[in-house]
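Thank you all for coming. I would like to take a few minutes to walk through one chain of the structure on the screen, and then to look at one residue in it.

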Amino acid sequence: MRTWFTALTLLVTAATAAPASAQTLINGAGATFPYPIYSKWFDAYTKVDPEVRFNYQSIGSGGGIKQVTSRTVDFGATDGPMSDEQMKGAPAELVHIPTVLGAVVATYNLPGNPRLQFSSNVLADIFLGKITKWNDARLTALNPGVTLPNQPIAVVHRSDGSGTTYIWVDYLATVSPEWQQKVGKGTSVNWPVGLGGKGNEGVAGQVKNTPGALGYVELAYAVKNKLPVGLVKNAAGKFIEPTIESTTAAAAGAAKGMPDDFRVSLTDAPGEAAYPIASFTWLLVYKEQPDQLKGRAIVNFLWWMSHDGQKYAADLLYAPLPAPVVKQIEARIKQINYQGKPLLAAR
Amino acid sequence: MESTAHGLSLTPLARTRAARVNVGDRIFRVVLRLAAGALLLLVVALAAEMLRTAVPAIQRFGWRFLVTSVWDPVAEQFGALPFVYGTLVSSFLAMLIAVPLGIGAAVYLAELAPPWLRPPVAFLVELVAAVPSVVYGLWGIFVLAPLLRTWVQPALGSTLGFLPLFQGPPYGVGMLAAGIILAIMVVPFITAVSREVLLAVPNSQREAALALGATRWETTRLAVLSYGRSGLIGAGLLGLGRALGETMAVTMVIGNRPEIALSLFAPGYTMASVIANEFTEATSDLYLAALIEVGLLLFVVTIAVNGLARLLVWSIGGAVKVARE
Amino acid sequence: MTARGRRVVNHVMGGLTALAAGLAILPLVLIFAFLLFQGASAVNVEFFTHLPKPVGEEGGGMANAIVGSLILVGLAAGLGLPLGILGGVYLAESRDRRLPWIVRFLADVLSGVPSIVIGIFAYALVVLPMRRFSALAGAVALAVIMLPIVVRTSEELVRLVPSSLREAALALGIPEWKVVLRVVLPTARAGIITGVMVAIARVAGETAPLLFTAFGNRFWHQGLDQPIAALPLQIFAYAIAPYDDWHRQAWAGALVLIGMVFVVSLAARVATRGRFSGVR
């Protein structure tokens with residue numbers, strides 16, 4: 001009896017004893033789309049401010065919205081902006097802060113990793129289940145130099161609530177009235193066909209392991225895993241490769257007319273060089289922070305992220321924020337407050 | 001010494017001591033009853049809490065929840081049929097493989113194996129049960145699924161492809177992979193319980209058969225298996241109960257597609273997997289309630305199966321232990 | 001059937017059932033072989049001492065996950081053992097009429113509940129009121145999973161203590177509660193410890209209930225009321241990711257986890273081998 005009691009006391013003491021340098025732990029959850037750069041940022045930021053640790057779990061945008069709304073985490077992350085209803089459902093005002101731009105790409109597993117071209121309608125029809133084989137006439141027409149095999153297309157989509165999904169289906173709904181009517185858009189939809197993978201990681205893994213598979217992932221995931229990336233025909237009729245430049249081009253138009261709350265869609269953006277399936281990704285924080293210490297740490301991070309942090313973006317294949325957007329973000333960060341007093345120290 | 005219960009002519013000192021002893025015993029009994037009560041409360045609270053949070057979905061969908069196939073979080077339409085189907089099919093497939101293997105192994109261990117071989121083999125079977133589910137899932141993704149995709153599914157597809165059971169693209173992951181992994185995980189439980197059932201069969205039965213000149217196998221078949229039949233069915237049911245609730249390994253290999261398909265090659269979804277995948281992101285109260293209702297369904301089904309199983313196993317005789325799971 | 005035929009059938013069935021036993025064990029061998037083959041290379045000092053690295057960077061380890069698992073299991077044991085052992089003693093010693101039957105039935109019911117359902121329960125009970133994911137929530141979930149095993153094993157072991165010991169103690173005038181605490185429990189102690197080890201081995205590998213209670217943490221734990229890393233969670237996250245380095249670490253993590261579980265199971269087995277006559 002006594003030994004058990006001592007053991008329990010020791011265990012609880014050991015477990016509750018915070019490490020020597022008492023750190024503030026800030027918990028966040030959400031999108032897998034920006035996870036590579038977020039994990040880089042949070043790791044780099046431990047050197048900028050050793051007093052703070054950001055613990056981010058990539059559970060999908062849907063999860064990010066849910067957990068920040070129920071206040072079980074301090075901040076959320078999503079690539080599908082919250083709808084008006086979702087924002088009304090939150091206990092207090094949530095602010096969207098754009099962090100980087102990314103591209104959602106069509107990735108596939110075919111022998112020889114050929115460079116494939118897709119048009120918007122073809123992608124929609126593949127995901128609707130109307131085009132089922134790789135050597136379908138419409139695919140071969142788009143790719144004259146490539147021998148496509150007589151193999152069924154193993155479609156892969158997300159099984160979890162995902163902002164990447166939101167961007168992808170937002171695009172499909174924009175270009176295909178049939179998709180808009182049959183499936184619609186959201187972070188989680190009723191997919192007509194395909195296998196579900198958990199997170200961008202799950203889809204990339206599934207595509208990598210399944211010959212004949214076709215899925216959609218954020219650009220970084222495809223490149224890191226040496227998966228081929230398809231070119232997509234944009235609104236101007238050009239086949240565009242998803243790169244940092246074409247992603248930035250997609251944002252160029254939006255930067256001018258950026259709404260105050262930053263909720264904007266970049267899909268099928270106009271412009272000769274614009275990649276049609278690009279998007280911002282956002283962090284979700286409460287305008288009124290409940291904890292002063294954490295709130296201050298969060299706004300300091302947001303400031304660092306939108307300035308110094310941007311230099312990490314290109315290496316990880318994300319496009320940095322356009323300069324006018326950064327100015328708007330600065331103004332927004334200054335509005336985040338604790339009991340009425342802005343948290344950001346004068347800069 | 002006079003018995004304290006009768007309180008007959010005790011000296012004052014003895015009376016005080018007796019009173020103290022009685023108090024000690026009473027406190028002890030109260031503490032024990034409190035512990036028992038706490039256990040009771042725990043299970044009741046579990047069921048009640050789940051029921052309470054699932055109410056919005058129950059009210060909204062009623063019976064249709066069990067028979068509708070649409071799972072659409074955007075339109076907030078939730079029907080659990082694909083998950084029920086997936087759970088049942090994967091478990092059924094698992095039983096098809098695991099019951100013969102499990103009972104066969106149990107018969108070997110209890111009746112036919114040379115005595116020196118029994119403890120190590122039994123030990124190894126127990127170790128199979130000790131492997132965590134996530135490790136099975138890991139092995140499933142990287143070993144089993146590629147195996148199925150490269151060799152087994154194409155072979156089945158070309159030979160038996162006329163059956164709707166074996167049609168469709170070979171993903172590797174899917175219902176077949178889930179069924180096989182479940183079978184592997186469930187066999188040790190069936191073996192362990194079956195072995196206990198068989199060992200509980202009185203020796204007189206065996207001796208009678210042997211005295212009549214039966215071989216070892218005939219003894220087993222005539223005297224032991226038929227006597228222990230209901231217990232063996234119970235063991236199978238216990239395995240089924242396990243298979244129904246298995247989460248991680250299945251989630252990693254089933255393909256996560258909420259659709260009812262006849263083919264074993266097709267991806268599916270089970271009740272436990274949908275909860276694991278979607279719980280942290282149920283963005284609306286109705287979505288969460290629907291998921292919890294799925295959990296409630298799973299809860300009720302596993303209790304029914306396990307309850308029935310235990311009744312059957314206990315009917316063989318009180319000596320059978322089902323404790324070690 | 002001829003005598004010869006019957007002998008043949010006997011041998012064939014002997015062979016078939018032996019085959020069944022072999023097939024039942026085969027996955028164990030296969031899995032262990034793969035774990036060693038794939039993961040042994042990644043099990044090094046760095047694995048045990050470093051934190052996970054960000055995506056794309058080689059190296060890093062699962063130190064926080066290993067410690068996290070130990071903390072979760074330890075805390076779960078601290079919560080679940082007292083209640084479980086007391087419950088088991090109750091079932092074995094009580095002279096009540098109906099309550100023991102109900103409790104035994106409910107303990108069996110609880111043991112059949114899928115662990116993910118128990119995770120939902122812990123979410124509702126701990127995470128929602130506390131408004132955050134925490135090690136405590138994870139430990140509560142694991143404790144509830146441990147309870148039925150501990151209760152049933154304790155009951156069995158207490159029952160198996162020979163009544164002669166009990167009667168001798170009572171005859172000496174020792175009050176009943178002292179008999180249980182000072183005579184019966186110490187005698188049954190080794191068996192109860194075995195049951196406890198079995199329960200620990202079982203919950204150490206649980207992933208599903210931790211998904212939305214302990215939540216996971218890329219850094220060292222910051223207290224019991226904060227999210228915490230756990231080995232099975234980390235393995236799951238790495239397994240479904242597409243990075244080869246993470247896959248190797250997942251195998252390594254699985255090797256460590258299975259090693260821990262096996263060692264505990266083995267120890268439990270060794271403890272009971274022939275120590276107590278009549279105690280299985």
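If we take the contacts in chain C with a separation of 6 or more, residues 24 or more positions apart account for 75% of them. Please keep in mind, as we go on, that this is a predicted model.

The C-alpha trace of chain C spans about 70 × 70 × 30 Å along its principal axes, and of its 280 residues, 57% count as buried.

Let me turn to the neighbouring chain. On the side of chain C, 27 residues are in contact with 29 residues of chain A. The element that gives the most to this side of chain C is helix α3, residues 63–93, with 4 residues, and the residues of the side divide into 15 nonpolar, 9 polar and 3 charged.

Is C:Arg166 buried, exposed or partly exposed? It is partly exposed, because 18 other C-beta atoms lie within 10 Å, whereas a buried residue needs 20 or more and an exposed one has 12 or fewer. Leaving aside its neighbours within four places in sequence, C:Arg166 is in contact with C:Val161, C:Val179, C:Val183 and C:Val184. C:Leu79, by comparison, is 87 residues from C:Arg166 in sequence and 29 Å from it in space, C-alpha to C-alpha.

Conventions. Residues numbered from 1 in each chain as written. Chains lettered and ligands numbered in written order. Predicted model: local features only at pLDDT ≥ 70, side-chain atom pairs only at ≥ 80, totals over all residues. Contact = placed C-beta atoms within 7 Å. Helix = DSSP H or I, 4+ residues; strand = E, 2+ residues; numbered from the N terminus. Nonpolar A, V, L, I, M, F, W, Y, C, P; charged D, E, K, R; others polar.
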